[in-house]
Amino acid sequence: MEKTFIMLKPDAVQRGLVGQIISRFESKGCKLVGMKLIKVNRDVAEQHYAEHKGKSFFEPTVNYIMSSPVVAMVWEGKNVVVIARELMGATNPVSANPGTIRGAYGMDISRNIIHGSDSEVSAKREIALYFQPGEILEYPKAG
Ligand code: CMP
C-alpha cells in the first residue's frame, strides 16, 4: 500500500497544532502507520533537504527543522502522496487555499507548518531517513 512521509515542523509543535493537523489526516481516511516526536540532527536535516542544496533557503530551512522537536509520521492509503499534498496546500501559506493546513494555520513560507513527500520515490527516501523498518506498523483499519 502507498505510504507518504509527513513532518509537523517546529512551528506546528510549538503552537500546539499537532492534534488538529493529525485529525485532518484521520478524518480524510489516511491510516497512521508510524509516528515519533524527535529532534532532527544536522546530518538528517541536510539529507532531507539535499535537493535544495545551493539554494538561498537551504541553510535556514535546515537550521529551522533542527531548532526544536518535530513530529515525524508515516501515513498509508491509496494515492496517499497526492491526498496528503492536497490536505497540506501550497508550499507558500500566502497562496495556500484557506481550507488547507498551510492555508489555515500558516503565514510564512519559512514556517510553513508541515512537510510532505512530493512523490512516491521521495516518500520511500524520506521514510527510510527517519524510520527503521520495524517502526512502520501493520494493523487492520476500520472503514
Ligand atoms: P517543504 O515542503 O518542507 O520543502 C522545502 C522547504 O523549504 C519548504 O517547505 C519551505 O519551508 C522552505 N522554504 C523556505 N523558503 C523557500 C522558498 N523561497 N521556496 C521554497 N521553499 C522554501
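Two residues are in contact here if their C-beta atoms, placed from the backbone, lie within 7 Å. Keep that in mind as you click along. You are looking at a predicted model, in which local features need pLDDT of at least 70, side-chain atom pairs count only at pLDDT 80 or more, and totals for chains, interfaces and linings use all residues. Residues are numbered from 1 along each chain as its sequence is written.

Stop 1: H115 sits in strand 4; strands (E, at least two residues) and helices (H or I, at least four) are DSSP runs numbered from the N terminus. Leaving aside neighbours within four places in sequence, H115 is in contact with M7 and K9. Is H115 buried or exposed? It is buried, because 21 other C-beta atoms lie within 10 Å; the cut-off for buried is 20 or more, exposed means 12 or fewer, and partly exposed is in between, with C-beta atoms placed from the backbone.

**Stop 2: the ligand.** Now show the residues around the ligand: H52, F57, T61, T91, I109, S110, N112 and H115. A residue counts as near a molecule if its C-beta atom, placed from the backbone, lies within 6 Å of it. This shell has six polar residues, two nonpolar and no charged; Ala, Val, Leu, Ile, Met, Phe, Trp, Tyr, Cys and Pro count as nonpolar, Asp, Glu, Lys and Arg as charged, and the others, Gly among them, as polar.

Stop 3: The UniProt "binding site" annotation, from an unreviewed entry, covers K9, F57, R85, T91, R102 and N112. Select K9 in the loop between strand 1 (3-8) and helix 1 (10-14). K9 is buried, with 24 other C-beta atoms within 10 Å, and beyond four places in sequence it touches I65, V70, I113, I114 and H115. Move on to R102 in helix 6 (residues 101-105).

**Stop 4: helix 5.** Finish on residues 80-88, where V80, V81, A84, L87 and M88 are buried. They lie on the same side of helix 5, because they cover an arc of only 125 degrees around the axis, taken from the directions from the helix axis to the C-beta atoms. Their cover includes strand 1, helix 2 (18-28), strand 3 (70-76), helix 6, strand 4 (114-116) and helix 7 (120-130). Just after the helix, G89 takes a positive phi of about 85 degrees.

Notes. UniProt positions renumbered as here; feature names shortened; annotations may be inferred.
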